[in-house]
Amino acid sequence: MSEEKIEVKETDMEDSQRDMVISVVREAQRLYNIDKDVAAFVKEELDKKFGATWHVICGKCFGSRVSYEMGHFILLKCNKVFIEIYRKEKKKFQVNVMIYKCGY
């Protein structure tokens with residue numbers, strides 16, 4: 001699965017951070033086949049690289065409404081799997097976004 005094209009559906013990250021996140025996602029997909037394991041790996045790696053607190057939602061079909069720190073949101077698609085990643089810290093300027101993606 002790591003050789004699959006990863007499509008950026010939406011992001012407000014800087015290019016360098018986006019590229020690092022995509023690299024972590026590729027590694028997670030190489031190591032794991034179960035969505036919850038991919039999400040756990042990505043979250044742990046991003047917390048290590050960029051500091052807490054990152055949230056990762058991974059699956060073929062989900063809806064979400066989240067508050068996140070500006071400049072720290074990305075929605076990816078690989079095959080039929082969507083991966084939503086965002087950072088939320090206390091006392092930072094937050095924005096709300098409503099995303100609904102279904103990968104049927």
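## Basis of the description

The structure is a predicted model, in which local features need pLDDT of at least 70 and side-chain atom pairs count only at pLDDT 80 or more, while totals for chains, interfaces and linings use all residues. Residues are numbered from 1 along each chain as its sequence is written, and side-chain values use heavy atoms, with hydrogens and water left out.

## Overall fold

The chain contains two helices and six strands, where helices (H or I, at least four residues) and strands (E, at least two) are DSSP runs numbered from the N terminus. Read from the N terminus, the elements follow the order β-α-α-β-β-β-β-β.

Of the 104 residues in the chain, 40% are buried; buried means under 20% relative accessible area, exposed means over 50%, and partly exposed lies in between (1.4 Å probe, protein chains only). Among contacts (heavy atoms within 4.5 Å) with a separation of 6 or more, 61% link residues 24 or more positions apart.

## The sheet and its helices

Four strands form an open sheet in the order β1-β4-β5-β2, with antiparallel pairing; two strands pair if DSSP finds at least two bridges between them. Because β1 and β2 stand at the edges with a single partner strand each, one side of each is left without a neighbour in the sheet. The twist averages 20° from one strand to the next, with axes taken as lines fitted to C-alpha atoms, for helices over the stretch in contact, and angles running from 0 to 180 degrees between N-to-C directions.

Helix α1 packs on this sheet, where it touches β1, β2, β4 and β5, and its direction makes about 135° with that of β1. Helix α2 also packs on the sheet, touching β2 and β5, and its direction makes about 160° with that of β2.

Strand β4 (residues 73-78) is mostly covered, with five of its six residues buried. Five bridges join β4 to β1 in antiparallel fashion; in this part of the sheet, Val8 stands opposite Leu76 and Thr11 has Ile74 as its bridge partner. Six bridges join β4 to β5 (residues 81-87), again antiparallel, and Leu75 is there partnered with Glu84. The hairpin of β4 and β5 has two residues between the strands, and in this hairpin Asn79 takes a positive phi near 60°.

## Nonpolar cores

A nonpolar core is a set of buried Ala, Val, Leu, Ile, Met, Phe, Trp, Tyr and Cys residues joined through side-chain atoms within 4.5 Å. The largest one has 21 residues, and those with the most contacts inside it are Val21, Val25, Val42, Leu46, Leu76, Ile83 and Ile85. The elements giving two or more residues to this core are α1, α2 (35-50), β2 (54-59), β4 and β5.

Beyond its neighbours within four places in sequence, Val25 is in contact with Ile6, Val42, Leu76, Ile83 and Ile85. A second, separate core has seven residues, among them Val66, Tyr68, Phe73 and Leu75.

## A loop residue

Glu14 lies in the loop between β1 (6-11) and α1 (15-31), and Glu14 is exposed, with a relative accessible area of 61%. Although Glu14 and Gly71 are 57 residues apart in sequence, their C-alpha atoms are 6.9 Å apart in space.
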